[in-house]
Amino acid sequence: MMELWKLLQIIMVILMMVICSINGDTDPKDASALNVMYSSMHSPSQLTGWTASGGDPCGQSWKGITCSGSRVTQIKIPNLGLTGSIGYSLQNMDALTDFDISHNNFGGTVPYNLPINVLRLNLASCNFNGIVPYSISTMKSLQQLDLSQNQFNGQLGVDFSQLSSLSSMDLSDNSLTGNLSTTMSSLTSLTSLNLENNQFTGTIDVLADLPLQTLNVANNHFTGWIPKQLQNINLQKGGNSWSTGPAPPAPPGPPSHKKSEDHKKSPQSSDSGKSGIGAGAIVGIILAIVAVVAIVGFVIFKRRSWKPTPDVEKVDIKKTFVPVASNDVQELKSVHSSSSINTTTLDAAVATINLKPPPLDRHKSFDDEDFSNKPIVTKVPILVPDNVKSYSIADLQMATGSFSAENLIGEGSIGRVYRAQFDDGKVLAVKKIDSAVLANVNEDFTAVVASISQLHHPNVTELVGYCSEHEQHLLIYEFHKNGSLHDFLHLEDEYSEPLTWNARVKIALGSARALEYLHEVCSPSVVHQNFKSENILLDGELNPHLSDCGLATILPNVNQVVNHNACAPEVADSGQYTLKSDVYSFGVVMLELLTGRKPFDSSRTRAEQSLVRWATPQLHDIDTLTKMVDPAMEGLYPVKSLSRFADVIALCVQPEPEFRPPMSEVVQALVRLVQRASMSKRTVGSATRPTESSDTNDSVN
């Protein structure tokens with residue numbers, strides 16, 4: 001009996017040890033992310049218990065860490081004087097609900113991939129700069145957001161459409177610009193909003209219908225009137241340029257049912273006869289219409305009885321006539337709903353009315369195409385977001401000088417791109433898609449537009465409009481005045497300065513973020529298939545914007561001709577594009593930035609014609625590497641940054657796709673490069689080289 005009791009005790013001890021080990025064993029993803037975070041913060045002594053590798057955050061009670069079971073649910077480490085960065089593996093912590101690192105001294109940009117399931121995110125007063133991470137758009141559970149007292153700049157590129165749980169947001173004391181996003185109207189739980197001390201412009205009308213109790217918009221550049229709904233809440237509004245006097249009335253909407261029911265009581269329909277059309281007159285008009293249409297119907301009926309094959313049945317409406325608007329047909333049908341006229345006959349009669357499209361005021365176009373003789377074909381509409389405008393061919397011909405050669409700014413595998421200047425002074429880029437490209441998907445063009453319009457990222461060229469008339473299909477994008485990266489690197493221009501090293505790293509990082517967004521944020525993932533320097537457009541501040549996003553997967557005929565010198569080996573062999581083939585193409589563009597050379601240059605010796613084949617063997621030798629650098633930079637670059645840049649290239653252009661990194665890792669590597677590099681004005685040489693400091697942040701964002 002005693003032996004049995006001892007055996008039970010041993011079993012109990014073993015069970016307790018197992019239970020304790022289970023409770024203390026942190027999920028490897030969480031532990032690894034915290035290890036990376038600790039290293040990125042330069043292993044601060046303030047974070048007791050933390051380690052750069054291994055360890056058990058949940059079982060060992062790391063400072064500021066709270067767990068539930070084996071998962072880390074809270075990171076709260078404010079006011080500790082922490083520096084460095086917060087790491088680039090936080091997206092793996094999908095059980096994290098509270099993330100508070102406020103009032104530290106991190107600086108630099110915020111990593112793109114933040115924990116997606118966070119409820120409360122506090123990054124206040126950390127000296128962060130650059131743009132607000134777009135990944136906040138995907139935090140559907142987010143309730144509280146505090147980004148105040150940093151140096152965030154540029155437009156607020158967050159899509160708030162999915163953040164209906166957000167109740168409190170503080171963006172105060174930054175340098176954010178532009179108008180408030182229309183997607184802010186989706187913040188149906190927002191009760192507190194602080195935008196104080198920024199540079200926002202436009203109106204605050206988008207906030208009018210939110211359940212706000214506290215709103216601070218002081219010290220911005222807002223204009224217009226304060227919406228009536230916001231005048232009785234706790235509102236701070238000073239330091240703006242509000243309009244004075246009474247606000248204009250709201251635009252009239254469609255008449256309500258109540259107005260229709262009260263129509264008999266209105267002055268126009270009363271028996272006083274002071275104004276309007278009397279009931280007798282209305283009855284007379286209706287009878288006259290009935291009589292006219294009855295005569296038309298009688299004539300048609302007689303013609304059908306006289307001829308065995310009616311002329312109406314021979315008419316090909318789609319090829320010959322413009323259809324009458326559907327509401328006009330419905331009105332005619334409603335007038336005759338009680339008559340004996342067959343509505344099918346009426347439809348045919350109405351359709352045979354020969355309505356020609358209005359003439360276009362145009363000159364001979366660069367494409368030498370005659371739009372006016374082509375039929376207008378109506379289609380069942382596919383919903384396109386309100387922020388994407390539908391343009392007419394006439395509008396675009398006027399804006400592009402009838403697609404003149406003078407306004408041609410580019411030509412690719414999809415079609416030509418023209419500069420378009422509209423009457424309001426706005427300049428846009430119009431991509432006129434070749435008819436052959438869309439030969440098999442004409443009916444789905446609005447679906448193409450609707451799909452592309454969902455792509456929103458600061459480094460992706462924004463679609464602002466489209467046109468689908470006369471069997472022509474055009475996409476209208478925002479215009480970037482500095483043209484493409486290809487032109488900047490490879491076309492001689494006496495008015496343009498060569499790209500500095502910082503500018504090249506900035507372009508590489510922004511382009512990488514664009515691909516990361518397409519690959520790892522969009523669902524389903526978007527394979528670009530046509531990533532090249534010609535499709536990287538530069539704005540006035542040399543920020544990159546990736547064009548042609550979302551087109552290649554929908555238009556399969558785009559890349560029938562494979563460029564074997566710029567695409568991944570597996571694409572050259574099979575024609576199949578993947579996320580990893582995009583990564584390879586990105587590596588080729590990085591090589592262009594490094595060397596200033598084209599992916600293929602037939603003017604060079606045979607051994608140097610293919611950029612990848614020539615450059616790859618030299619990427620890991622610092623002496624040969626410095627000889628490869630674009631001479632236009634005149635040696636002004638940090639050698640260590642150059643070496644790290646080359647390391648990223650080598651990873652991206654590996655022949656085997658499985659060994660190429662995902663774009664999120666490429667972004668992380670480039671961000672680390674940016675944070676470690678500082679630019680010196682001295683020339684690289686045997687005696688002097690640019691200095692580098694891990695504490696100095698590059699100006700690249």
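Colleague: Where in the chain do K29 and D94 sit?

Modeller: K29 is in helix α2, while D94 is in the loop between β2 and β3 (98-100), and the two are 65 residues apart, so the pair links distant parts of the chain. Helices (H or I, at least four residues) and strands (E, at least two) are DSSP runs, numbered from the N terminus.

Colleague: And the numbering and the ground rules?

Modeller: Residues are numbered from 1 along each chain as its sequence is written. This being a predicted model, local features need pLDDT of at least 70 and side-chain atom pairs count only at pLDDT 80 or more, while totals for chains, interfaces and linings use all residues; side-chain values use heavy atoms, with hydrogens and water left out.

Colleague: Are K29 and D94 buried or partly exposed?

Modeller: K29 counts as partly exposed because its relative accessibility is 38%, and D94 counts as partly exposed at 31%. Buried means under 20% relative accessible area, exposed over 50%, and partly exposed in between (1.4 Å probe, protein chains only).

Colleague: Which other salt bridge does D94 make?

Modeller: D94 also meets the side chain of R71 in a salt bridge, 2.6 Å from N to O. D94 is in the loop between β2 and β3 and R71 is in strand β2, so this pair ties together parts that are 23 residues apart in sequence.

Colleague: What does R71 do with D27?

Modeller: R71 forms a salt bridge with D27, and their closest N and O atoms are 3.9 Å apart. R71 lies in strand β2 (residues 71-76) and D27 in the loop between α1 (2-24) and α2, so parts 44 residues apart in sequence are tied together. R71 is buried, with a relative accessible area of 19%, and D27 counts as buried at 18%.

Colleague: Which residues end up linked in that network of salt bridges?

Modeller: D27, K29, D30, R71 and D94 are linked in it. The structure holds 11 salt bridges.

Colleague: New topic: how many aromatic pairs are there?

Modeller: Searching the whole structure finds 11 aromatic pairs. One of them is Y38 with W50, a tilted pair at 6.1 Å centre to centre and 40° between the planes. Rings of Phe, Tyr and Trp (its six-membered ring) pair if their centres lie within 6.5 Å; planes under 30 degrees apart count as stacked, over 60 as edge-to-face and the rest as tilted.

Colleague: Where are Y38 and W50?

Modeller: Y38 is in helix α2 (residues 28-40) and W50 in the loop between α2 and β1 (65-68), 12 residues apart. Y38 counts as buried at 10% relative accessibility, and W50 is buried with a relative accessible area of 5%.

Colleague: What about F200 and F222, how do they pair?

Modeller: F200 and F222 are stacked, at 6.1 Å centre to centre with 10° between the planes. F200 lies in strand β11 and F222 in strand β13 (residues 221-222), so the pair ties together parts that are 22 residues apart in sequence. Both F200 and F222 are buried.

Colleague: Which sheet are those strands in, then?

Modeller: An open sheet of 5 strands, in the order β5-β7-β9-β11-β13, with parallel pairing. β5 (129-130) and β13 stand at the edges with a single partner strand each, so one side of each is left without a neighbour in the sheet. Two strands pair if DSSP finds at least two bridges between them, and 2 bridges join β11 to β13.

Colleague: Last one: what does E570 touch?

Modeller: Not counting residues up to four places away in sequence, E570 touches G575, T578, K580, S581, P655, P657 and R660; contact means heavy atoms within 4.5 Å. E570 is found in helix α12 (residues 569-574) and is buried, with a relative accessible area of 18%.

How values were computed:
A salt bridge is a side-chain nitrogen of Lys or Arg within 4 Å of a carboxyl oxygen of Asp or Glu.
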